[in-house]
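Subject: Structure handover

Dear colleague,

Here is the structure for your files. My notes on what was found in it follow below.

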Amino acid sequence: MLSNTRSSQPLVLHSHCLAPSSSQIPTIDLIPRSACPENPIPYIVKKCIALLQICASSKFKLKQIHAFSVRHGVPPTNPDMGKHLIYSIVSLSAPMTYAHSIFNQIQSPNVFTWNTMIRGYAESENPGPAIDLYHHMHVNSTEPDTHTYPFLLKAVSKMVNVRVGENTHSIVIRNGFESSVFVQNSLVHMYAACGHYENAYKLFELMPERDLVAWNTVINGFALNGKPNEALTLYKEMGLEGVEPDGFTIVSLLSACAELGALALGRRVHAYMVKVGLNENMHANNALLDLYAKCGNIIEAQKVFGEMEERNVVSWTSLIVGLAVNGFGMEALEHFREMEKQQFVPGEITYVGVLYACSHCGMVNEGFNHFKRMKVKYGIVPRMEHYGCMVDLLGRAGLVNEAHEYIQNMPLQPNAVVWRTLLGACTIHGHLALGEFARAQLLQLEPKHCGDYVLISNLYASGQRWSDVHNVRRIMLSEGVRKTPGHSLVELGNRVHEFVMGDRTHPQSEAIYAMLVEISKKLKLEGYVPHTANVLADVEEEEKENALFYHSEKIAIAFMLINTPSGTPIRVVKNLRVCADCHLAIKLISKVFNREIVVRDRSRFHHFRDGSCSCKDYW
């Protein structure tokens, strides 16, 4: 603290204040100038800089030191004092407006000061000024060095502006910094962050020396951009080159495994975590929890959560969302209440999980109560995702007209997802007129979204309006809209197998189709009648049944039945929503073959066991 001592003589720092106390950050003691050199300014600057280094963890002390230096004659333009003040501000994540006000007073900032300012903005919530600073740096004839471009590229990555990144890349080459490993790693990260993973990988391949940062960056780039297979392949190559993974690698790998639903591979990563002691790393544990939840193994997810010595909001949110999407809505809400008891403040994503749980369990009143508490108690401004959950909550409960009224009264302009949610509810509950209205809104917002054509076709088909179904198909053809092909993934022997509808490309196709025939016979003995209402064609029932018979999830399940021991759980990841017929068939398969079958579709998990599903047919 600054002393309140008054003296008739100017005051300066006493050197003994540089000895840190074992219990607290040292205070600033003041003594008469008579104890200092004739020109005290360099002395004051030197002692202030030393004190800044000692007080590196306190924003309050930083401002005290700055105020003291100004009060005792250090000019604002002093480059040494300014440089260290800016560095301290950036290191403490203090407001960049404070740093910039000091920076503007320095007459000739050196490259270190420019870099520190660029770094500060790159690490802030507003990275844009970093680009402007770089241009001003050039105008002021300050030559960049090997540290300038990594900071600048970090800002570009945050902005997700690949055009600026490409311009920066060309400048890097022109200025001869492309051989720097730090610059190369930053370029790989920039392209990956901007979604250009192909360019990121090309740069990675061209690197003569690839350190752990480079491997982590490109693996994470593939994982974040929906290329989990490529991420796992790179991990294997990384091991062959003798590069040991770290916590960041583990998080990226677990994310890739979660995306694929590759539980066995994820378990191997888990075993490695334990082996190298990363099982105490909170971020790695959060990723592991997310993996088990996304693979439908909610028991393992809860076990990981229970064994975590340290938890944060992400940990609680991952478990709550995991329970909700796996069909355990009541348990998700119980954990949410426990989270509040332990004084964790829920965030926007936490509440998406809470509202999702209410929606998929049909708890309309509780959903509205949570939506209100979110705003009143925690001051969370609802985003479109929250409003979408509320529309879904009403729509799933059959309150389709109320869902439409809710959309009309929303303070935000409804987006395509909200109207699509309403259209889906109209399709399920047979509200033709309102479904057509929702479809009209979607044509204005996303006229070529294939899923909307499928939903409206299903709505027409359920009403036996085949001329309208054929008209929708003609429009799709004329507009060049193609239905997203359904595919299902299963994991066997550390390899992920993919199947599409009517797939006969697999080496075991003959055995798979023989198993499908056996499945069909056994299901009919159980009273199975195919659910053909939504097959998009006015054809004979037999043809419709054949079309349903070859859906990708049924092929995937048949493959697993012939390749895994009796009683082994089967896990399927599907890119589209499971259809009503497959849902009915898989319930019976779980009973007839005595298998637990977990299907993760586009919106949730279905845990089939003994002829029933965790969703209780409410999905």
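Leaving out neighbours up to four places away in sequence (within four places), Gln184 is in contact with Glu178, Ser179, Met207 and Pro208, where contact means heavy atoms within 4.5 Å. Gln184 belongs to helix H9, residues 181–193. Its relative accessibility is 13%, so Gln184 counts as buried; buried means under 20% relative accessible area, exposed over 50% and partly exposed in between, with a 1.4 Å probe and protein chains only.

On provenance: this is a predicted model, in which local features need pLDDT of at least 70 and side-chain atom pairs count only at pLDDT 80 or more, while totals for chains, interfaces and linings use all residues. Residues are numbered from 1 along each chain as its sequence is written, and side-chain values use heavy atoms, with hydrogens and water left out.

The chain as a whole

The secondary structure comes to 30 helices and eight strands. These are DSSP runs numbered from the N terminus, with helices being H or I of at least four residues and strands being E of at least two. Of the 619 residues in the chain, 51% are buried. Among contacts with a separation of 6 or more, 63% are between residues 24 or more positions apart.

H9 and H10

Helix H10 covers residues 197–206, and its axis comes within 7 Å of that of H9, the two crossing at roughly 160°. H9 is therefore roughly antiparallel to H10. Axes here are lines fitted to C-alpha atoms, for helices over the stretch in contact, and angles run from 0 to 180 degrees between N-to-C directions. Angles under 35 degrees count as roughly parallel, over 145 as roughly antiparallel, 65 to 115 as roughly perpendicular and the rest as oblique. From H9, Leu187, Val188, Tyr191 and Ala192 meet Tyr197, Asn199, Ala200, Leu203 and Phe204 of H10. By class, this contact of H9 with H10 has eight nonpolar, one polar and no charged residues. In that scheme Ala, Val, Leu, Ile, Met, Phe, Trp, Tyr, Cys and Pro are nonpolar, Asp, Glu, Lys and Arg are charged, and the others, Gly among them, are polar.

H23 and H24

Helix H23 (residues 416–429) packs against helix H24 (residues 432–445) at an angle of about 155°, with the axes 9 Å apart. H23 and H24 are therefore roughly antiparallel to each other. On the H23 side, Ala416, Trp419, Arg420, Leu422, Leu423 and Cys426 take part, meeting Leu434, Gly435, Phe437, Ala438, Gln441, Leu442 and Leu445 in H24. The contact of H23 with H24 has 10 nonpolar, two polar and one charged residues by class.

Gln441, found in H24, is buried, with a relative accessible area of 19%. The C-alpha atoms of Gln441 and Pro414 are separated by 9.6 Å, and the two residues are 27 apart along the chain.

Thr564

Thr564 lies in the loop between helix H29 (552–563) and strand S5 (570–574). It counts as buried, at 14% relative accessibility. Its side chain reaches the backbone oxygen of Met560 at 2.5 Å and makes a polar contact with the side chain of Arg595 at 2.9 Å. A polar contact is a pair of N or O atoms within 3.5 Å; within protein, one must be able to donate a hydrogen and the other to accept it, and residues adjacent in sequence count only if both atoms are side-chain atoms. Not counting residues up to four places away in sequence, Thr564 touches Leu492 and Arg595.

Regards
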